[in-house]
Amino acid sequence: MKQISIAIILCSATLLTSCKLQKEGLVVMTDDSYKASIVAANKDGIGSPDGLLVRGGRFYLADEGSKSVEMWSKTDGLKILADSNHGFQSPEDLVIDAEGNIFFTDDDVGGLWELDNRGTTRLLAGKDKGLISTEGIALAPDGSILVGDGEQHKVFRVTRDGAVTEFLGKEKGITKPESMVFDDQGNLYIADNQDNVLYLIDLKREIHKLVDRQDSFSPETIYYSKGALYISDSRNGKLYVYRPNEELRVIAAFGGQLKDVQGVTVDDLGNIYVSVQNDLKRKVGTIIEISKDQTAIAKR
Amino acid sequence: MILSSILILLAGRLTDLNDQLLLGINSLAGRSWLFDSIVAFFQDNDLAKAGVIGCCFLAAWYGGKTKDGTDKRRKILIATLVAAVCVITTTKVLSRTIFLPRPEIQSQKIYRLEGNQLVEMKRIPVRIPLDETSQKDYRALLSGTVESNDLGSFPSDHAGFFLAISLGILLASRRLGLVALGWTLFVILAGKLIGGHHTPLDIAAGGAVAIAELSVIQYFARNRFSGWFDKLTGLSLRYSALSSAIIFAVIFEVSSTLTHIRAFLGLLAAMRRHVFLGMG
């Protein structure tokens, strides 16, 4: 009987633990006109990136796995611009202004961090000014920076000299402003991945729910480019595109170890890039390019 | 070098044959709503799908004409249940380890991670059945919903599980076993092929696991652990009311393709994450 009991326990343990055996990854193109390829992976030096931006062929990463802000390009490789020795712990999302200054958030130690174009890193506004757990970040047309706080359910405005004011209060009902971006008209989009809502704050500061608790929709990062809003969904492993007056459309679905899609950005040619956290604990990550497949378009 | 070339050639031929067989059987789908709905009914309805196998099992359990006959049958059937649990464990572990999406998923443009590259997979142009469930699933796929269960179709756990039970019934009672085996092959597994949920290779592999594990466990039940199985059989006769209740619960679970057991294991996994890992 003892042996049978051991066998049953072993079988149950195998069934339970086998849930994590699948290490493969795949990308399903729900839009045939796109193709997928890997731009950078661990062999290129990157860790497990969250926030992602591309400027002139250079990728800027808020690398949550390596606890650093990095720049990577095919020609120059990886360069660490700032790391946790500066006091931040978990770089979440980042923006770059026209002068090349980088601003980033940190959902662990909070605050808004600045890495200027001379390479100096400093805490622009910290917990003492009310920025407890910072998530989404957006560069406002007036030059200030908007920062979302997931614990206080608020959006703050931070000026370049570090002054903090409340931009959207708790009463607006945005639970977790995970990602934010302005369009070319000055409207602000906010992704709330706790309530699973995509908001639009118009020029009169009126709030509209563009996508409200739709099935399999949890916006992680949003990026605006040429009239379209690109949305990554880490919970459901999807990449969406949203255009005003059109339905939300899935471009690609990610599965297996590629499911956790985090950052999304678009280059000048319209190529989309997503950062994937294959395994955050083990600092494994990938940057995937989703670009137009000219062969598929020609076949059509 | 020559051996590896031959193996590659053979694997290529086998894959081609597998695809051709699948497409041939799947060509029945997507032509008639009525036909597709009937096929889907026997896939989705637990009573229609597995109830027949459960009935055969119960009939074999109680159908012995003498005490010795009943003893022999029950011993085989108890070993069959043990084998079925082992088979489902093996096929689940294998399907979660071997990455092979279901044919219906492979009808889409898919890139697979191989090392540090994304490689486009060969597309399988399966026909999608016209019944409501299949169409709903297909629409979900087009909107990017891919369940993790759909990424490991090799080997088929349905094939392994139901073939193990049907073959076990066949060992206990030839007539009932043929009914169960026929139902498994021509209703349950044929439906999987018609619907494009599995390839013939998935089903053959599931069947191979079932035959191998059932043979091993039946061998042990007859030889090395014969005493234990005799004791269990004796207990089932002595406490007939209790054993009937237990066998009813087991057959109920078999007929519902272990959904409740899976839910219970899911709860255990959630508890483990919650209590030990402090997540969610």
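Axes are lines fitted to C-alpha atoms, for helices over the stretch in contact, and angles run from 0 to 180 degrees between N-to-C directions. The model is a predicted one, in which local features need pLDDT of at least 70 and side-chain atom pairs count only at pLDDT 80 or more, while totals for chains, interfaces and linings use all residues. Residues are numbered from 1 along each chain as its sequence is written, and chains are lettered from A and ligands numbered from 1 in the order in which they are written.

In chain B, helix α4 (residues 67–97) packs against helix α9 (residues 200–222) at an angle of about 140 degrees, the axes lying 8 Å apart (helices are DSSP runs of H or I with at least four residues, strands runs of E with at least two, numbered from the N terminus). α4(B) is therefore oblique to α9(B), given that angles under 35 degrees count as roughly parallel, over 145 as roughly antiparallel, 65 to 115 as roughly perpendicular and the rest as oblique. Residues contributing to this contact (C-beta atoms, placed from the backbone, within 7 Å) include Ala79(B), Ala83(B) and Cys86(B) of α4(B) and Val209(B), Ala210(B) and Leu214(B) of α9(B).

Between the chains, the contact takes 28 residues from chain A and 28 residues from chain B. On the side of chain A that touches chain B, α1 (2–17), β1 (25–29), β2 (34–40) and β22 (249–256) each supply at least two residues, and β1(A) gives the most, with five. β1(A) also pairs with strand β1 (residues 109–114) of chain B in the antiparallel sense, over four bridges (pairing requires at least two bridges found by DSSP), and Met29(A) stands opposite Lys109(B) in β1(B).

Technical notes
Contact = placed C-beta atoms within 7 Å.
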